[in-house]
Amino acid sequence: MTKKLLLEKIDVPGIKTYDVYRREGGYRSVEKALTMKPEEIVEEVKKSGLRGRGGAGFPTGLKWSFIAKPEGIPRHLVVNADESEPGTFKDRYLMEFIPHYLIEGMIVSSFALGSNVSYIYIRGEYAWITDILDQAIAEAKQQGWLGKNILGSGFDCEIYTQRGAGAYICGEETALLESLEGNRGNPRIKPPFPAVKGVWQRPTVVNNVETIAAVVPIINDGGEAYSKIGIGKSTGTKLISACGNINKPGVYEIDMTISVEEFIYSEEYCGGIPHGKRLKACIPGGSSVPILPANLLLTTAKGEKRLMNYESLSDGGFATGSMMGSGGFIVLDEDQCVVRHTYTLARFYRHESCGQCSPCREGTGWMEKILKKIESGNGEMKDIDLLWDIQRKIEGNTICPLGDAAAWPVAAAIRHFRDEFEWHVNNPELCLQQNYGLAHYADDIQVPA
Amino acid sequence: MIVFSDQKLMEVKEIISHYPDGKQKSALLPVLHMAQEEFGGWLSVETMDYVAGLLHLEPIEVYEVASFYSMYNLKPVGKHLLEVCQTGPCMINGSDDIIDYIKQKLNIQVGETTPDGLFTLKTVECLGACGYAPMMQYGKTYREHLTKEKIDALIEECKVKNN
């Protein structure tokens, strides 16, 4: 049984409300933090080994230490709640069911960073969750955890929510800041980085919801205790949102020592695949990370059991591995068509490209069209090579990582499932009526019953 | 006449107070959400010009933002907007069937509005409910684990609301 930190109290009746949350030990980390120096808090976060939970996995304490402190210029903490990566719905779960956890983490983090006004930028579609957060902020303020001179410490802090309006790109931190300024969500060229010039050209730290929530147990129990959970550089616990062909879709908190196999098949987590179907493939970290066939998902190329952590999931690089990403875990059973699934993702990235860089603006639309052509039985063999060529010309040639995010799923699908693409081309009529199935992808692996 | 009530104007003022002095442009997204809700579910040029005036912006600054974000409707929509997700995880769980069923039931294509002006059907990309697929956005909340029966019930619910 994984030690729970963020979701430990999620089932306590009424935990959404201030009274119950406080009775269960909520806001203790604020009491403790305000007796510490801001630098000491940053030090604890560094010691914890916490890595950004939004997808990039950058060490949080290090990111905090980059924030510029020019005299007389305010600094800001902005929480990235623009959760939009297909397969990812973990932040929503945390904010919807235990909203005070985020608020508590934000007060501590704001104190550490010297932010007197902090923002939660939340995707526009999460309208009802914005109301839940506004309610939690109002309660916290009424109880003296926000506002002027919190607990007599001399520290002032306000938190405001800001809704986006439907744009995946605003999850990219500089696009998010543009959007917070009331502009189109076009990513900025870096440097300067937000830590030096962020929102309104002021030093800004942008962190994911889950990252900021994790600051609470780090302060309560110390960075060292947090760093002892997990394995290697994958410290602490991670929220995984699991979906697709599994018996128990949902959000799970794991310590990063369990195997992928256990995560998919054990009753504690996904509970296996419905109707006794076999595992075909999985996208383990949100739609942008490489899809893996069942054999490479469960076992690395070296023959070791693959674990649910940053290092193990990326073991083998893009040739035979994938990434932890945002923890959006999408499972495909033997009945799923990889070409069709990849087509929906390509359509997603075309829809979400901001249009600033031509490789992404033109390339995403081109990939979508070719994938649709192959999927609908009109593909030619040379289309597969063309697709490969286009994704290579997008990757690394754009201002922000959306270009890479659009290229990687297409590249991995061709790398691991080229047979299935060729089968579509060779069987233009058959591919409209039936799926390619498992072929050899899972024949050589033992999957638990 | 496109004018906010006094109460809504107070709300706008409150939102502007969240940002530093002179940075009222930051209020643009929230105020456009308010305007869309108040003035018929979409943003006409008149509505956008009104918002520009309120926030001391050039109209083009509002148009370029309104046209960037998918939640702002730049054309009129039906009274009830059904926005069904069609991205990978929802597709795996049968979103195509749900979309087809709504098309057939309302006798409209994606992007169209029923002749009585009651329903508009749209498809959208991932709304962050992949574990509860298939799903749609309806009003301020989500409808999840969709089935044909749930679609029937929702459409009935909308018709009753309208009577």
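**Figure 1. The pairing of β1 and β4 in chain A of the predicted model.** Strand β1 (residues 76-81) of chain A runs parallel to β4(A), and 5 bridges join the two strands. Within this pair, A:H76 has A:T204 of β4(A) as its bridge partner. Strands of a sheet pair through backbone hydrogen bonds, in either a parallel or an antiparallel arrangement.

**Figure 2. Domains 1 and 2 of chain A where they meet.** The domain assignment divides chain A into domain 1 (18-228), domain 2 (234-333) and domain 3 (338-433). The centres of domain 1 and domain 2 of chain A, taken over C-alpha atoms, are separated by 28 Å. Contacts link 19 residues of domain 1 of chain A with 19 residues of domain 2 of chain A. On the domain 1 side, the elements that give two or more residues are α5 (90-97), α9 (209-221) and α10 (223-227) of chain A. The residues of that side comprise 6 nonpolar, 8 polar and 5 charged.

Figure 3. A:R51 is 11 residues from A:L62 in sequence, and the C-alpha atoms of the two are 9.4 Å apart in space.

**Figure 4. Helix α16 of chain A and what covers its buried residues.** Helix α16 of chain A runs over residues 358-375, 18 residues in number. At 1.5 Å a residue the helix should span 26 Å, and the 25 Å between its end C-alpha atoms agrees with this. The buried residues of α16(A) are A:C360, A:G363, A:T364, A:M367, A:E368, A:I370, A:L371, A:I374 and A:E375. An α-helix has 3.6 residues a turn, so residues three or four places apart point the same way. The cover over the buried residues of α16(A) includes α15 (338-352), α17 (381-394) and α18 (402-426) of chain A. After α16(A) comes A:G377, which has a positive phi, near 80°.

**Figure 5. The side of chain B that touches chain A.** Here 35 residues of chain B are in contact with 44 residues of chain A. Two or more residues of this side of chain B come from each of α2 (28-38), α4 (59-66) and α5 (88-92) of chain B. The most is given by α2(B), with 5 residues. By residue class, this side of chain B divides into 19 nonpolar, 11 polar and 5 charged.

**Figure 6. The open sheet of chain B.** In chain B, 4 strands form an open sheet in the order β2-β1-β3-β4, with mixed pairing. The edge strands, β2 (119-124) and β4 (141-143) of chain B, each pair on one side only. Neighbouring strands of the sheet are turned by 30° against each other on average, direction ignored. Strand β3 (residues 136-138) of chain B pairs with β4(B) in the antiparallel sense, over 3 bridges. B:Y138 stands opposite B:T141 of β4(B).

**Figure 7. Chain B and its two domains.** Chain B contains 7 helices and 4 strands, which run α-α-α-α-β-α-α-β-β-β-α from the N terminus on. Domain 1 covers 6-66 and domain 2 covers 80-162 of chain B. Between the centres of these domains of chain B, taken over C-alpha atoms, there are 29 Å. The C-alpha trace of chain B spans about 50 × 35 × 25 Å along its principal axes. Of the 163 residues in chain B, 36% are buried. Among contacts in chain B between residues at least 6 apart in sequence, 54% join residues at least 24 apart.

Definitions and conventions:
Residues are numbered from 1 along each chain as its sequence is written. Chains are lettered from A and ligands numbered from 1 in the order in which they are written. This is a predicted model: local features need pLDDT of at least 70, side-chain atom pairs count only at pLDDT 80 or more; totals for chains, interfaces and linings use all residues. Domain bounds come from an automatic or database domain assignment. Two residues are in contact if their C-beta atoms, placed from the backbone, lie within 7 Å. Ala, Val, Leu, Ile, Met, Phe, Trp, Tyr, Cys and Pro count as nonpolar, Asp, Glu, Lys and Arg as charged, and the others, Gly among them, as polar. Two strands pair if DSSP finds at least two bridges between them. Axes are lines fitted to C-alpha atoms, for helices over the stretch in contact, and angles run from 0 to 180 degrees between N-to-C directions. The expected span of a helix is 1.5 Å times one less than its number of residues. A residue is buried if 20 or more other C-beta atoms lie within 10 Å of its own, exposed if 12 or fewer, and partly exposed in between; C-beta atoms are placed from the backbone.
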